[in-house]
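Have a go at each one before reading its solution.

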Amino acid sequence: LIQQARALGLQGKHEKAIAQLKQALAIDPENHHAHYYLGVTYTSLGKHALAIQEFRMVLEQAPNSYTTLDNIGGIYLVQKRFQLAKTMFEQSKRIEPSENPLSHYNLGLLYTYYGQRDKAQQEYDFLRAHFPSYASLLEEAMKKGKAVFDDVALANTDHPLPSQSEP
């Protein structure tokens, strides 16, 4: 059911995906994968409060799910709640610093926004060494300076940048 729901979500059939994910949760209410994809689907629909609720349920069962923290942080970025977003990305980065480009990328964006060029440069250098496709995106964003969030979709995990994995 979960894989079918995931495929439906990727096809833009969000309501059908939600129905299947809820069916999976009726069978197994503790299934953190179903909660995760329900959160992703709600995020795609702009239902951020419901998405965060689902992502919090994932974290109860899988507290080291850095992708879940990245998704919550992405919602906070869209809402321009930058300090909360920064907290989520920092937590995510502590869990998997070397396998998690999204938190480095988004922290680089936030440091750029706050004028902390040295910290933004550290994130850029890490990405350049380990995830070149993210580094080029961050480099472009850093050039914008404080205007980086004029196009907040750059940092939105609803539309993941190269290779966003599951919890």
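**Exercise 1.** Work out at what angle helix α6 and α7 pack, and which residues meet.

Step 1: In this predicted model, helix α6 (residues 82-95) packs on α7 at an angle of about 145 degrees, with the axes 9 Å apart. Axes here are lines fitted to C-alpha atoms over the stretch in contact, and angles run from 0 to 180 degrees between N-to-C directions. Helices are DSSP runs (H or I, at least four residues), numbered from the N terminus.

Step 2: List the contacts (heavy atoms within 4.5 Å). From α6 come Phe82, Ala85, Lys86, Phe89, Glu90, Ser92 and Lys93, and they meet Ser103, His104, Asn106, Leu107, Leu110, Tyr111 and Tyr113 in α7.

**Exercise 2.** Decide how α2 and α3 are oriented to each other.

Step 1: Helix α2 (residues 14-27) and helix α3 (residues 32-44) pack at about 155 degrees, axes 9 Å apart.

Step 2: Angles over 145 degrees count as roughly antiparallel, so α2 and α3 are roughly antiparallel to each other.

Step 3: Among the residues making the contact are Ile18 and Leu21 of α2 and Tyr37 and Leu38 of α3.

**Exercise 3.** Find which residues touch the most other members of the largest nonpolar core.

Step 1: Such a core is a set of buried (under 20% relative accessible area, 1.4 Å probe, protein chains only) Ala, Val, Leu, Ile, Met, Phe, Trp, Tyr and Cys residues joined through side-chain atoms within 4.5 Å.

Step 2: Among its 43 residues, they are Leu21, Leu127 and Leu138. Helix α7 (residues 101-113) gives the most, with 6 residues.

Residues are numbered from 1 along each chain as its sequence is written, and side-chain values use heavy atoms, leaving out hydrogens and water. Local features need pLDDT of at least 70, side-chain atom pairs count only at pLDDT 80 or more, and totals for chains, interfaces and linings use all residues.

Methods
Buried < 20%, exposed > 50% of the residue type's maximum accessible area, 1.4 Å probe, protein only. Helix = DSSP H or I, 4+ residues; strand = E, 2+ residues; numbered from the N terminus. Parallel < 35°, antiparallel > 145°, perpendicular 65-115°, else oblique.
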